[in-house]
Amino acid sequence: MAYSPSLSSHIPFHANRFISTKRSSKPPTKTTLLKPPAAIPPLSTATTFDADLPTLAAISGGSIAALAAVISLTDPERRRKLQAEEVGGGDKEVVREYFNNSGFQRWKKIYGETDDVNKVQRDIRLGHSKTVENVMAMLTDEGPLKGVTVCDAGCGTGSLAIPLAKEGAIVLATDISAAMVAEAKKQAEEQLSADSEGAGPVMPKFEVKDLESLNGKYDTVVCLDVLIHYPQSKADGMIAHLASLAEKRLILSFAPKTFYYDLLKRVGELFPGPSKATRAYLHAEADVERALQKVGWKIRKRGLTTTQFYFARLVEAVPA
C-alpha cells in the first residue's frame, strides 16, 4: 500500500522495522501519495466485516464518493442490535459469543497454518504475523527477554505468547474466549516442549479473562488488535487500566481511524456476507496518545503494519 502523510505523520512498518520518536539529522525521505486501490478491501485487525469478496472486487476506487453517499441510507446498527439481543448483552457479550463459536473457527484458521483459507484470510494472516514480528523486535531491541514478565492481553491462539515464552519471558496470556484460550494452551504444549534434561521455556499461564478483569504488575503489557472492540469513550479507560498494570512498557495495536480507512470500514458494512462479525471501532492515533498522556505515559516508538486487507497502528509507550 502506498503511504501518504495525510493519513499519518509517521513511517509505516516494513517486515521487522519500526521507528522511534527521536528526531533524525537525515533529510526526510520522499513519500508517495496514497491512491485508491482497484478493489476496496474490508479493513481488519481483530475482526473482519465478512464482505463478499466478488462483490467488493467489482467496486472500483473511483466509486468511493458515490458509495459514501449511499452509506447513510443503510442500517448496520440494526444488524448489530439484533446480535446483542440474541446473546442478551452489549458489545462484550457479542464478542465473547462470537469468538467462542463461529469467530473462533474462522480465526483459528487465519492464525494457523492450514491452507483452507481464502485470499482475504491469507492476507490478514500475513498482516497479523507482521505485527507479531514487529512486537518481538520492539521487545528484544533492548536486550534478552529471559525472566521478563509480560501480560499478553487478548492472546487469541497464542501467536505472541508462544514466541515470548520461547525467548524466556514469563507470560500471562488471557482472552475473553474460552475456546481461544484452550487452543492457545494446546499450541503452547505442542511447541514448548522441554529437552531431555527437563530444561525448556516456562509455559505461559493461560486464563479466560476480559481486559477489565486483569490485575497484577508486569514489566510489559501487550494488547494487540483488541481495542477494535472498544469505542473511544471506553478505550480511554481501558488504556489507562492497561497502563496501570505495566511497570516499564505498554504496547498497543489498533485499527487507525482516518477518513479513508473509516470509509473502507463503512463500505464493508454494506456487504455483511453470510457470517456474523463483531462491531469494529477505529481509533485516531491522537486520541490514543492523549489517553496515554492523561495517565503519565508517552509514545516512544510507533509505526503502521499494512497489507492489502490488514491495517494496524502499533505504538510502544513508556512512563513519561
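## Strand pairing around β5

Two strands count as paired if DSSP finds at least two bridges between them. In this predicted model, strand β5 and strand β6, the latter spanning residues 246-254, meet that condition with 5 bridges and pair in the parallel sense. Within this pairing, Cys223 stands opposite Leu252 in β6.

Strand β5 also pairs with strand β2, which covers residues 149-153, and here too the sense is parallel, with 3 bridges joining the two strands. Asp152 is found opposite Val222 in β5.

## Burial of β5

Strand β5 runs over residues 218-223, and because 6 of its 6 residues are buried, the strand is largely enclosed by the rest of the structure. Buried here means a relative accessible area under 20%.

## Crossing of α9 and α11

Helix α9, made up of residues 232-245, and helix α11, made up of residues 285-294, have axes that come within 9 Å of each other and cross at roughly 40°. The two helices are therefore oblique to each other, since angles under 35 degrees would count as roughly parallel and those from 65 to 115 as roughly perpendicular. The crossing of α9 and α11 is right-handed.

On the α9 side, the contact is made by Gln232, Asp236 and Ile239, which meet Asp287, Val288, Ala291, Leu292 and Lys294 of α11.

Note on methods. Residues are numbered from 1 along each chain as its sequence is written. This is a predicted model: local features need pLDDT of at least 70, side-chain atom pairs count only at pLDDT 80 or more; totals for chains, interfaces and linings use all residues. Side-chain values use heavy atoms; hydrogens and water are left out. Axes are lines fitted to C-alpha atoms, for helices over the stretch in contact, and angles run from 0 to 180 degrees between N-to-C directions. Helices (H or I, at least four residues) and strands (E, at least two) are DSSP runs, numbered from the N terminus. Angles under 35 degrees count as roughly parallel, over 145 as roughly antiparallel, 65 to 115 as roughly perpendicular and the rest as oblique. A crossing is left-handed if the near helix is turned anticlockwise from the far one by less than a right angle, and right-handed if clockwise. Contact means heavy atoms within 4.5 Å. Buried means under 20% relative accessible area, exposed over 50%, partly exposed in between (1.4 Å probe, protein chains only).
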